[in-house]
Amino acid sequence: MHIGIPAEIYAGETRVAATPETVKKYTAKGFHTVLVQSGAGAGASIPDAAYQEAGAVIVDDVSQLYSQSQVVLKVRGPAANELVMLRKDAVLIGLLSPHQAEGIEALAKQGVTAFAMEKLPRISRAQSMDVLSSQANIGGYKAVIMAAHVYQKFFPMLMTAAGTVKAARVLVLGAGVAGLQAIATAKRLGAVIEAFDVRPAVKEQVESLGAKFVEVPLTEEEKAKAETAGGYAAEMSDDYKRRQGELIHERAVAADIIISTALIPGRPAPVLIKEETVQAMKPGSVIVDMAVEAGGNCPLSELNKTVVKHGVHLIGIANLPGLVAADASALYARNLMNFLNLMLDANNGELNINREDEIIAGTLICMGGEVVK
Ligand code: NAD
């Protein structure tokens with residue numbers, strides 16, 4: 001079987017869906033040929049020669065790559081000009097934005113079998129395939145590094161001969177995978193950290209990383225509703241949002257840096273930092289809005305820009321993992337390989353899509369010309 005790795009064409013996408021490490025594993029038993037588009041690894045500093053050494057065939061002409069590949073591994077969903085190159089019997093795996101119906105319908109129309117990695121069930125068996133986690137982890141780290149870069153003060157407390165410098169106060173909104181890594185990274189830099197999440201279940205994790213958990217008291221009914229069966233946050237009531245808003249305002253004004261990561265799958269990101277809060281923050285404070293692509297946790301942040309408003313720096317860079325492209329690609333490529341291996345017969349390399357498997361069924365978004373609901 002031929003596995004194709006095209007170069008990503010989405011603006012600013014530096015990651016790549018296979019690395020020499022995964023190419024070596026795909027080709028080890030001689031069942032598969034991996035075709036890599038020339039330059040596909042450039043954004044992650046992987047030269048063609050490294051892929052070649054690992055056993056890949058470098059292809060200059062991308063249409064040739066698509067026409068030969070039964071399996072295509074991508075980071076981003078295909079643009080219109082990529083879509084038409086996919087074979088009718090192709091299997092496409094990537095971050096395919098499953099909440100955007102138009103794109104999925106176009107994929108179905110092309111006849112391909114497509115798997116959206118965003119839909120991977122959050123179960124233990126799927127952890128090694130979990131691209132959202134691997135990329136959010138990197139994003140959370142980079143968000144803190146970017147904040148530190150812009151912030152005009154130290155993160156750690158310093159006692160010097162010229163006097164004492166106070167530690168930075170970091171507020172993390174949303175303590176999922178990205179938020180927890182942001183806490184860990186800020187802690188390593190010496191900040192004092194508070195964190196907040198709608199899901200009370202994360203309190204223990206926040207505290208184990210050395211941060212203080214900021215709690216909005218929940219009614220019994222709200223406690224039961226805050227987390228969905230899939231482990232994600234649920235949309236909360238207006239009354240909860242009001243109480244939450246007041247508390248976040250108070251903690252934000254006391255903070256120097258906010259890393260906001262709050263997301264609700266398939267919905268616009270919750271607005272947690274209102275303009276009046278930004279206005280009340282100290283000049284020189286920094287907000288990294290990691291939810292910017294989903295509309296933002298702060299209405300003042302701007303997609304793929306760093307702006308200063310009311311004296312506060314707002315960083316709205318969407319693809320933070322793309323700024324750590326080498327490691328982000330390494331983890332992403334392993335996630336995809338673990339996922340693809342689920343469908344490959346270990347004895348002969350044949351592809352077998354078992355729709356009874358919860359992981360396969362959960363991620364499959366179109367097959368045989370139909371959108372899979
Ligand atoms: P996410 O990216 O969907 O959201 C980020 C965080 O924002 C979440 O913690 C969410 O609760 C929080 N949030 C949403 N609305 C909020 C609001 N109004 N105010 C404050 N916070 C808000 O989440 P994620 O990082 O992908 O993780 C979701 C869950 O899945 C977590 O419980 C995580 O531990 C779990 N998980 C499980 C596995 C596994 O078992 N295989 C793997 C990865 C993640």
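How many bridges join strand β1 to strand β2, and do they run parallel or antiparallel? The views below come from a predicted model.

**View 1. Strands β1 and β2 pair side by side in the parallel sense.** Strand β1 covers residues 2-5 and strand β2 covers residues 33-37. The answer to the opening question is 4 bridges, with the strands running parallel.

**View 2. An open sheet is built from 8 strands.** Read across, the order is β3-β2-β1-β4-β5-β6-β16-β17. Pairing in this sheet is mixed. The edges are β3 (57-59) and β17 (370-371), each of which pairs on one side only. Helix α5 packs on the sheet and touches β5, β6, β16 and β17. The direction of α5 makes about 40° with that of β16.

**View 3. Strand β6 is covered on both faces.** The strand spans residues 113-116. T113 and F115 lie on one side, A114 and A116 on the other, and all are buried. In a regular strand, side chains alternate between the two faces of the sheet.

View 4. Strand β5 (residues 91-95) pairs with β6 in the parallel sense over 4 bridges. L92 stands opposite A114 in β6.

**View 5. β6 meets β16 in the antiparallel sense.** Strand β16 comprises residues 364-367. Its pairing with β6 runs over 2 bridges. Here A114 stands opposite C366 in β16.

Note on methods:
Residues are numbered from 1 along each chain as its sequence is written. This is a predicted model: local features need pLDDT of at least 70, side-chain atom pairs count only at pLDDT 80 or more; totals for chains, interfaces and linings use all residues. Side-chain values use heavy atoms; hydrogens and water are left out. Buried means under 20% relative accessible area, exposed over 50%, partly exposed in between (1.4 Å probe, protein chains only). Two strands pair if DSSP finds at least two bridges between them. Contact means heavy atoms within 4.5 Å. Axes are lines fitted to C-alpha atoms, for helices over the stretch in contact, and angles run from 0 to 180 degrees between N-to-C directions.
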